[in-house]
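The tour goes from the whole chain down to single residues.

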Amino acid sequence: MEANPYTKNLDRLEFMVTLACTGRCRHCSEGDHSGSGEHISGGVGAQAVRSLAAVRTIDSVMTFGGEPLLYPEAVCKIHAAARDCGIPKRQLITNGYFTKDIQKIRDTAAELVWSGVNDILLSVDAFHQETIPVNVVKSFAEAVKAVKYKGVTIRVHPAWLVSETDGNPYNSKTRELIGEFAAMGIKASGGNVIFPDGNALKYLKEYFDPAAKYENPYTEDPNDMLTASVSPDGSVLGGNIYDTDLAELAERYCPQ
C-alpha cells in the first residue's frame with residue numbers, strides 16, 4: 001500500500017505538553033495562558049512516539065509549552081521513548097522556571113538528561129525575564145551542566161523583536177542576558193523572531209507594520225506535513241492519540 005501522500009515526508013514529532021506557564025510574557029503568541037492546567041499524559045505521549053517510530057523514520061522529537069517542566073514526568077516518559085526508538089534529536093524548550101526548590105531543580109535536571117533529552121533550549125530574553133527570575137533559570141542551567149553526561153547540550157534560545165539585528169531596547173536587554181549565560185559557558189542558538197499574534201500583537205503592536213503580511217514560520221503546509229504536532233488534549237492530524245494510534249492517524253490524515 002502506498003504511503004499517505006500528505007504525510008509521506010513526516011519526520012518530526014512535537015508535543016505541546018501544556019499551555020499552563022510560569023511566565024506572563026508580553027510577546028507570547030499563545031496569549032495569556034490563563035486557567036489552563038490541561039496536559040498531555042506521559043504514557044500516552046510515549047506510546048504515540050513508539051507508534052509513529054515503528055512505521056516512519058523520525059529524526060526529532062520536541063517537548064514544549066507553556067512550561068513543559070510543570071509536568072516533568074510526562075516530558076521524561078516521552079523522551080525516554082524517543083531515545084529507546086533511536087530517534088537522534090530529542091529537544092526540550094523550557095523557560096527554566098518550574099520551582100524555586102533547588103533540590104527539585106537538581107533532581108529534574110538529572111531526570112531529563114538520563115531520560116534522553118539531548119538538546120535543551122532555554123527561553124531567555126528581555127520578555128521572559130520581565131516575570132521570570134533569571135537567577136532561578138541559571139540554577140537550572142548549572143544543574144544540567146552538573147550532570148556528568150556528554151550527550152546533552154544546553155543553549156539559550158532567545159526571542160528577537162523585529163529581527164536579531166534590530167537595535168530596539170528589548171533586543172539590547174536580550175543581548176545582555178545572552179552575555180550573562182555566555183559567561184557561564186552556555187552558548188545561544190539563533191532563537192526566533194516574534195510573530196505578531198496573541199500577546200505580541202496586543203502589547204507590541206507599535207513594532208509591527210499594520211500593512212505588512214507576516215508569514216507564520218510555524219505554519220505547516222497541510223498538503224505536505226513534515227511535523228505531527230500534538231496538543232495538550234492529545235489532538236493531532238485531525239484525530240486524537242487518546243483514542244487512535246498515531247501511526248493510523250498519520251496514514252489516514254487528509255487536509256480539510
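What follows is a series of selections, each with a note on what is there.

**Setting up**

This is a predicted model, in which local features need pLDDT of at least 70, side-chain atom pairs count only at pLDDT 80 or more, and totals for chains, interfaces and linings use all residues. Residues are numbered from 1 along each chain as its sequence is written, and side-chain values use heavy atoms, with hydrogens and water left out.

**Stop 1: the whole chain**

Select everything and show the cartoon. There are 7 helices and 10 strands. Both are DSSP runs numbered from the N terminus: helices are H or I with at least four residues, strands are E with at least two.

The C-alpha atoms fill a box of roughly 55 × 50 × 30 Å. The radius of gyration of the chain is 18 Å, which agrees with the value near 18 Å for a compact globule of 256 residues. That radius is taken over C-alpha atoms, and the globule rule is 2.2 Å times the number of residues to the power 0.38.

Now colour by accessibility. Buried residues make up 51% of the 256. Buried means under 20% relative accessible area, exposed over 50%, and partly exposed in between, with a 1.4 Å probe and protein chains only.

Next, contacts (heavy atoms within 4.5 Å). Of those with a separation of 6 or more, 79% join residues 24 or more positions apart.

**Stop 2: N4, where the chain ends meet**

N4 is buried, because its relative accessibility is 5%. Beyond its neighbours within four places in sequence, N4 touches A250, E251, R252 and Y253.

Show the side chain of N4. One of its polar atoms lies 2.7 Å from the backbone oxygen of Y253. The backbone oxygen of A250 is 3.2 Å from a polar atom of the N4 side chain. Polar contacts here are N or O pairs within 3.5 Å; within protein, one atom must be able to donate a hydrogen and the other to accept it, and residues adjacent in sequence count only if both atoms are side-chain atoms.

**Stop 3: T94, in a strand**

Move to strand β3 (residues 89-94), which holds T94. T94 is buried, since its relative accessible area is 1%. Its side chain places a polar atom 2.9 Å from the backbone nitrogen of G96. Contacts outside four places in sequence include E67, L69, I120 and F140.

**Stop 4**

Select G65 and G66. A cis peptide bond joins them, with omega about 25 degrees. G66 is in the loop between β2 (60-65) and α2 (72-84).

Go on to V162, in the loop between β6 (159-160) and α5 (169-182). Its phi is positive, about 75 degrees, although V162 is not a glycine. Is V162 buried or partly exposed? At 38% relative accessibility, V162 is partly exposed.

Finish at L237, between β9 (235-236) and β10 (239-240). Phi of L237 is also positive, near 50 degrees. L237 is buried, with a relative accessible area of 12%.
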